[in-house]
Structure formats: C-alpha cells, structure tokens
Amino acid sequence: MREGVNIMTDSPVYTINQARLSIIQGDITRQTTDAIVNAANSGLMGGGGVDGAIHRAGGPAILEECKRIVARQGRLPTGQAVITTAGDMKAGNVIHTVGPIWHGGRQGEPELLASAYRESLKVAAANNLISVSFPSISTGAYGYPVEAAARIALKTVIDFLGRATSVSEVVFVLFDSPTHDVYTAALQEITKGKK
Ligand code: APR
C-alpha cells in the first residue's frame with residue numbers, strides 16, 4: 001500500500017494493487033465517478049440524508065427504477081445492493097445499499113455494514129465499473145458510531161481492492177468535516193505499518 005496526497009484537494013490518496021483510494025469532503029451528488037453509492041432503506045422509495053439528496057439531484061427516473069426493482073424482487077435486505085440509473089446527475093449509476101440500524105453493536109451490525117460496502121463493490125464489478133464513490137453508510141439517521149463505521153468501511157474497501165476487480169478507484173465523499181476527519185484518521189491508523 002502506498003501513500004500520497006492529492007495536490008488539488010490536499011486529501012490522502014492510497015494505492016492498493018494499482019487501485020486508488022481517497023477521502024474527500026463534499027457532496028456525493030456532484031461526483032463524476034461511474035457510480036455513486038446511496039445509503040438507502042429497504043423500501044428503496046427515497047428518504048432524508050444522502051438518500052433524499054440523491055433522489056432530488058437525479059430526478060424521478062431513479063425512483064421509477066427503484067419501484068420496478070422492488071416489484072420484481074421485493075424489499076432490499078440490509079447489507080445487499082442494487083444498481084439504477086443516476087438520472088440527471090453526472091455519475092453514471094447509483095448503487096443503492098442498505099446499511100444496518102445501530103442497536104448497540106450486538107445484532108450483527110459490523111458484519112452487515114461490511115456487507116453493504118462489499119455488495120456495492122460486487123455490483124460495481126459485475127457491471128464492469130471502474131470508479132465508485134461512497135458516503136458514510138449508516139452513520140447518519142441509522143446512528144452507527146462514526147469511528148467504528150469508518151474502520152469497517154475502509155478495511156472492507158481495502159480488502160476488496162486487494163483482489164482482481166474492474167474497480168480501480170474508490171472515493172469516500174464525506175459531507176461534514178468531523179466525519180471527514182474521522183475517516184482520514186482511521187485510514188492513517190489502518191495503513192500504519194502496511195506501507
Ligand atoms: N453527500 C455525501 N454525504 C451526505 C450527503 C451528500 N449529499 N448528505 C448527507 N450525507 C451524509 C450524512 O452527513 C451522513 O454522514 O451521509 C451520511 C449518512 O447519513 P444518512 O443519509 O442519514 O444515511 P444512514 O445513516 O445510512 O441512514 C439511512 O436515512 O435518509 C434515510 O432513506 C434513508 O432510511 C434511510 C436512512
């Protein structure tokens with residue numbers, strides 16, 4: 001694993017197996033990656049937080065496709081992921097995943113959170129996508145403690161990028177500065193000794 005800095009944003013960039021992992025502060029609806037990931041709920045009908053922002057920015061085409069998916073396969077279980085159009089946004093697609101609601105950590109939350117990241121990346125790879133942006137899944141309305149969530153998010157992505165996959169760029173797009181700082185510190189901690 002190699003460490004660098006993006007000179008445009010001064011954000012850390014890590015290289016794993018020739019894939020790039022970076023952390024930025026920003027609005028995921030403005031990203032131009034092949035996919036942006038949505039922290040959705042099982043009903044896939046939109047909501048608040050990043051889910052609301054994505055549906056607002058992308059327009060009604062996203063909800064129409066979500067409705068067709070739910071009609072076909074039912075509600076999306078926690079830890080799983082599906083792909084739709086990104087509608088009017090610049091990103092190519094939206095990958096909707098459902099993170100766990102935090103109930104104290106003994107109801108499978110860590111495994112389910114890791115699954116949400118891993119399944120999103122599997123959907124990206126199954127569609128031959130190269131670049132994916134993630135928000136901080138579960139740490140808003142679903143109440144997952146950010147420090148613990150950041151470690152799981154980063155470790156799961158690093159593990160996935162260490163294997164052969166079409167995905168060669170992952171960007172964590174964190175909305176607020178405290179969350180950005182937590183992810184940056186967690187990445188430094190994880191990569192310590194691995195360089
Ligand atoms: N870009 C990037 N991140 C964003 C944006 C945005 N435009 N808007 C919000 N966020 C951040 C939040 O600040 C938080 O750090 O996304 C993170 C996740 O928060 P939530 O959106 O509340 O997601 P989550 O905790 O997974 O809860 C999911 O909330 O909106 C509903 O329908 C959604 O029921 C589901 C639940």
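Leaving aside residues up to four places away in sequence, Gln31 touches Ile24, Ile36, Lys90, Ala91, Ser133 and Val173. Gln31 lies in a loop, the one between strands β3 (19–25) and β4 (35–40). Is this residue, Gln31, buried or exposed? Gln31 counts as buried, because its relative accessibility is 16% and the cut-off for buried is under 20%. The structure described here is a predicted model.

The overall architecture was examined next. The secondary structure comes to five helices and eight strands. Along the sequence, these elements follow the pattern β-β-β-β-α-α-β-β-α-β-α-β-α. The radius of gyration of the protein is 16 Å, and the globule rule gives 16 Å for 195 residues, so the protein is as compact as a globular protein of that length. Taken along the principal axes, the C-alpha atoms fill a box of roughly 50 × 35 × 30 Å.

Of its 195 residues, 50% are buried. The protein exposes about 9,200 Å². Carbon and sulfur atoms supply 49% of that area. Contacts were also sorted by separation in sequence. Among those between residues at least 6 apart, 67% join residues at least 24 apart.

Helix α3 was then considered in detail. The helix covers residues 109–126. Helix α3 has 18 residues and reaches 25 Å from its first C-alpha to its last. That span is close to the 26 Å expected at 1.5 Å a residue. The buried residues of α3 are Glu109, Leu113, Ala114, Ser115, Ala116, Tyr117, Glu119, Ser120, Leu121, Val123 and Ala124. Asn128 follows α3 and has a positive phi, near 55°.

Charged pairs came next. How many salt bridges does the count come to? The count comes to three salt bridges. One of them joins the side chains of Glu119 and Lys122, with an N to O distance of 3.1 Å. Glu119 and Lys122 both lie in helix α3. They are three residues apart, about one turn of the helix. An α-helix has 3.6 residues a turn, so residues three or four places apart point the same way. The two partners are classed in separate terms. Glu119 counts as buried because its relative accessibility is 17%, under the 20% cut-off. Lys122 is partly exposed, because its relative accessible area is 42% and that class lies between 20% and 50%.

Another salt bridge links the side chains of Asp159 and Arg163, at 2.7 Å from N to O. Asp159 counts as partly exposed, with 41% relative accessibility. Arg163 also counts as partly exposed, at 47%. Glu189 forms a salt bridge with Lys192. In this pair, the closest N and O atoms are 3.5 Å apart. Lys192 counts as exposed because its relative accessibility is 56%, over the 50% cut-off.

Aromatic side chains were searched across the whole structure. The search finds five aromatic pairs. Among them is the pair of Tyr117 and Phe134, which is tilted. Their centres are 4.9 Å apart, with 50° between the planes. Why does this pair tie together separate parts of the sequence? Tyr117 lies in helix α3 and Phe134 in strand β7 (residues 131–134), so the pair ties together parts that are 17 residues apart in sequence. Tyr117 is buried, with a relative accessible area of 0%. Phe134 counts as buried, at 0% relative accessibility.

Phe134 also pairs with Phe172. The ring centres of Phe134 and Phe172 are 5.8 Å apart and their planes lie at 25°, so the pair is stacked. The cut-off for stacked is under 30 degrees. Phe134 lies in strand β7 and Phe172 in strand β8 (residues 169–174), so this pair ties together parts that are 38 residues apart in sequence. Phe134 and Phe172 are both buried. Which residues form one aromatic cluster? The cluster consists of Tyr117, Phe134, Phe172 and Tyr183.

Definitions and conventions. Residues are numbered from 1 along each chain as its sequence is written. This is a predicted model: local features need pLDDT of at least 70, side-chain atom pairs count only at pLDDT 80 or more; totals for chains, interfaces and linings use all residues. Side-chain values use heavy atoms; hydrogens and water are left out. A salt bridge is a side-chain nitrogen of Lys or Arg within 4 Å of a carboxyl oxygen of Asp or Glu. Helices (H or I, at least four residues) and strands (E, at least two) are DSSP runs, numbered from the N terminus. Buried means under 20% relative accessible area, exposed over 50%, partly exposed in between (1.4 Å probe, protein chains only). The expected span of a helix is 1.5 Å times one less than its number of residues. The radius of gyration is taken over C-alpha atoms; the globule rule is 2.2 Å times the number of residues to the power 0.38. Contact means heavy atoms within 4.5 Å. Accessible areas come from the Shrake-Rupley method with a 1.4 Å probe; for residues, only the protein chains shown count as cover. Rings of Phe, Tyr and Trp (its six-membered ring) pair if their centres lie within 6.5 Å; planes under 30 degrees apart count as stacked, over 60 as edge-to-face and the rest as tilted.
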